Structures are given as C-alpha cells and as structure tokens.
Amino acid sequence: MATALNFTKSLLQAEHLLTTIQGELLKEASAVSVLEALLSQHETLLKDLCSSADSLSNSQTEDLKKHLQIMQAVVTVCEKGKDDVSLKLGAIKRSEKIKKAYGI
C-alpha cells in the first residue's frame with residue numbers, strides 16, 4: 001500500500017510528465033524517442049499508483065480521477081494536432097495537384 005505522501009509525490013510527478021508531454025507535442029518537431037521515454041515514465045507511475053487501487057482513500061481516488069481528466073485534455077490536444085496536420089497535408093497535396101496541372 002502506498003503511503004499518502006508517496007501517492008501524492010507520484011501523482012505530482014505524473015502530472016509534471018503530462019505537462020512535459022503536452023509541451024513536446026506542441027513543438028513543431030519533437031523527437032519521437034523523447035515522447036516515448038516520457039510516455040513510458042508516465043505509464044510506470046500510473047501502474048504504481050493503480051496497483052494499490054483497492055486501498056486508496058476517497059481523496060486519493062478523486063485525485064486520480066482529476067489526473068485522468070488531465071490525461072484526456074492531453075489526448076484532446078493530440079487529436080487537434082492530428083487534425084491540423086491533416087489540413088496542412090491536404091493543402092499541400094492540393095497545391096501539388098494544381099502545380100502539376102499547370103506544369104509549374
């Protein structure tokens with residue numbers, strides 16, 4: 001069973017990792033290896049936090065739920081980024097078709 005102090009410390013580390021992950025995702029060119037390392041660290045922390053899920057207090061459970069909401073916000077940022085990239089790629093492909101059609 002994780003002590004309350006260890007739980008809080010691990011949760012703060014996980015939240016810091018999420019902030020760092022989100023920052024990396026917002027960069028124009030982030031290294032995949034950096035993202036993989038950050039995600040792996042976050043996964044390890046979450047597994048440790050959830051391993052004692054049966055013995056969590058109500059406040060710890062609420063804190064974990066808040067963390068999951070933060071995770072969902074990061075996923076939303078990822079989805080928006082994916083949509084932005086898709087739009088840019090679509091514009092590039094249309095531009096290439098136009099150039100090809102006019103022999104540019």
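A residue is called buried when its relative accessible area is under 20%, exposed when that area is over 50%, and partly exposed in between. By this criterion Asp 84 is partly exposed, because its relative accessible area is 31%. The structure discussed here is a predicted model.

Asp 84 belongs to helix α3, where Asp 84 and Lys 80 are four residues apart and thus separated by about one helical turn. An α-helix has 3.6 residues a turn, so residues three or four places apart point the same way. The side chains of Lys 80 and Asp 84 meet in a salt bridge, with an N to O distance of 3.1 Å. Lys 80 is exposed, with a relative accessible area of 52%.

Helix α3 itself spans residues 58-101, and its 44 residues reach 64 Å from the first C-alpha to the last, close to the 64 Å expected at 1.5 Å a residue. Gln 60, Leu 64, His 67, Val 74 and Gly 90 are buried in this helix, and the buried residues of α3 pack against α1 (4-26) and α2 (32-51). Ile 92, also placed in α3, is partly exposed at 46% relative accessible area. Together with Val 85 and Leu 89, Ile 92 makes a nonpolar surface patch of about 260 Å². Just after the helix, Gly 103 adopts a positive phi of about 70 degrees.

Helix α2 has 20 residues and reaches 28 Å between its first and last C-alpha, close to the 28 Å expected at 1.5 Å a residue. Its buried residues are Leu 35, Leu 38, His 42, Leu 45, Leu 46 and Leu 49. They cover an arc of only 100 degrees around the axis, which puts them on the same side of α2. The buried residues of α2 pack against α1 and α3. On the other side of α2, Val 32, Ser 33, Glu 36, Lys 47 and Ser 51 are exposed.

Lys 47, exposed at 53% relative accessibility, forms a salt bridge with Glu 43, the closest N and O atoms being 3.4 Å apart. These two residues are four apart in α2, and therefore separated by about one helical turn. Glu 43 is partly exposed, with a relative accessible area of 42%.

Glu 24 is buried, with a relative accessible area of 12%, whereas Lys 27 is partly exposed at 45%.

Note on methods
Residues numbered from 1 in each chain as written. Predicted model: local features only at pLDDT ≥ 70, side-chain atom pairs only at ≥ 80, totals over all residues. Heavy atoms only, no water. Expected span 1.5 Å × (residues − 1). Buried < 20%, exposed > 50% of the residue type's maximum accessible area, 1.4 Å probe, protein only. Contact = heavy atoms within 4.5 Å. Patch = residues over 30% accessible without salt bridge, like charges linked within 9 Å, V, L, I, M, F, W, Y side chains within 5 Å. Areas by Shrake-Rupley, 256 points an atom, 1.4 Å probe, with all protein chains shown as cover. Salt bridge = Lys/Arg side-chain N within 4 Å of Asp/Glu carboxyl O. Arc of directions from axis to C-beta.
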